[in-house]
Amino acid sequence: MRRRTITLPIPMQAERPLQQSPAAGSRRRPSQGMLDTNILILRRLVNPDELPDEMAISAVTLAELSAGPHQVRPDHEQTTYDEHAERARRLDALQRAEHEFDPIPFDSEAARAYGQVIAAVIGAGRSPRRRTADLMIASTAIAAGLPLYTTDPDDFAGLDHLLAVVRVTCPRVHRERVRP
C-alpha cells in the first residue's frame with residue numbers, strides 16, 4: 001500500500017489548535033505529521049505502521065538531504081563505509097524526497113516559532129548550538145500545526161509544551177564495508 005505524501009495547508013495562527021503531546025500510553029497515531037530528516041534517511045527500514053497516513057517534510061529537511069552527499073568522507077579518511085556507495089545512498093534519499101514531497105517552507109511563522117523553540121531549549125538548560133537544523137524543523141512543524149515524527153526524540157527535549165514529538169523505532173542499521 002502506497003502512502004499519500006502531500007504538502008499540508010498551513011493554517012493561519014488563529015486557526016491552529018494548541019499543540020499537545022499524545023497522552024501517555026496512547027497507541028493512536030495522528031493521521032498527519034512532519035517527518036524528521038532521520039526518518040527519510042532510514043525510510044526503507046522504518047516500519048510504515050509507525051508513520052502517519054499523510055506525511056510532510058520541511059524545506060530544512062530537503063536542505064539537510066541536499067548537503068548529505070557533499071559530506072561523505074573519502075575512503076582514506078575513514079573505514080566505516082565505501083565513499084561511492086555512501087554518496088549514492090545519500091543521493092537516492094534526496095531524489096526520493098524531492099520526488100515524493102513538496103516541502104513546507106521555513107516561513108515567517110516558522111521563524112517566530114523558532115524564537116520560542118530557542119527560548120524553550122535554553123530554559124531547559126540545553127544548548128541550541130549544533131542543533132540549528134533540528135530546531136528549524138521543529139519550528140516548521142509548530143508553525144504548520146503538525147506532530148513531528150523522529151527516531152531521535154531526545155533531540156527535541158524541552159519542547160513538549162510547544163510540539164508533539166512522536167517516537168519512531170530506530171531500525172538497526174548494519175552496513176558492511178564493500179570494496180568494488
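The legends below describe several views of one predicted model.

Residues are numbered from 1 along each chain as its sequence is written, and side-chain values use heavy atoms, with hydrogens and water left out. Because the model is predicted, local features need pLDDT of at least 70 and side-chain atom pairs count only at pLDDT 80 or more, while totals for chains, interfaces and linings use all residues.

**View 1. The protein chain and its helices and strands.** The protein chain holds five helices and five strands, where helices (H or I, at least four residues) and strands (E, at least two) are DSSP runs numbered from the N terminus. Along the sequence their pattern reads β-β-α-β-α-α-α-α-β-β. Of the 180 residues, 42% count as buried, a term that stands for under 20% relative accessible area, with exposed meaning over 50% and partly exposed in between (1.4 Å probe, protein chains only).

**View 2. The largest nonpolar core.** A nonpolar core is a set of buried Ala, Val, Leu, Ile, Met, Phe, Trp, Tyr and Cys residues joined through side-chain atoms within 4.5 Å. The largest one has 21 residues, of which Met34, Val117, Leu148 and Leu159 touch the most other members. Helix H4 (108–123) and helix H5 (132–144) each supply at least two residues of this core, and the largest share, six residues, comes from H5.

**View 3. The loop between H4 and H5.** Glycine 125 lies in this loop and is exposed, with a relative accessible area of 68%. Glycine 125 and glycine 158 are 33 residues apart in sequence, and their C-alpha atoms are 8.7 Å apart in space.
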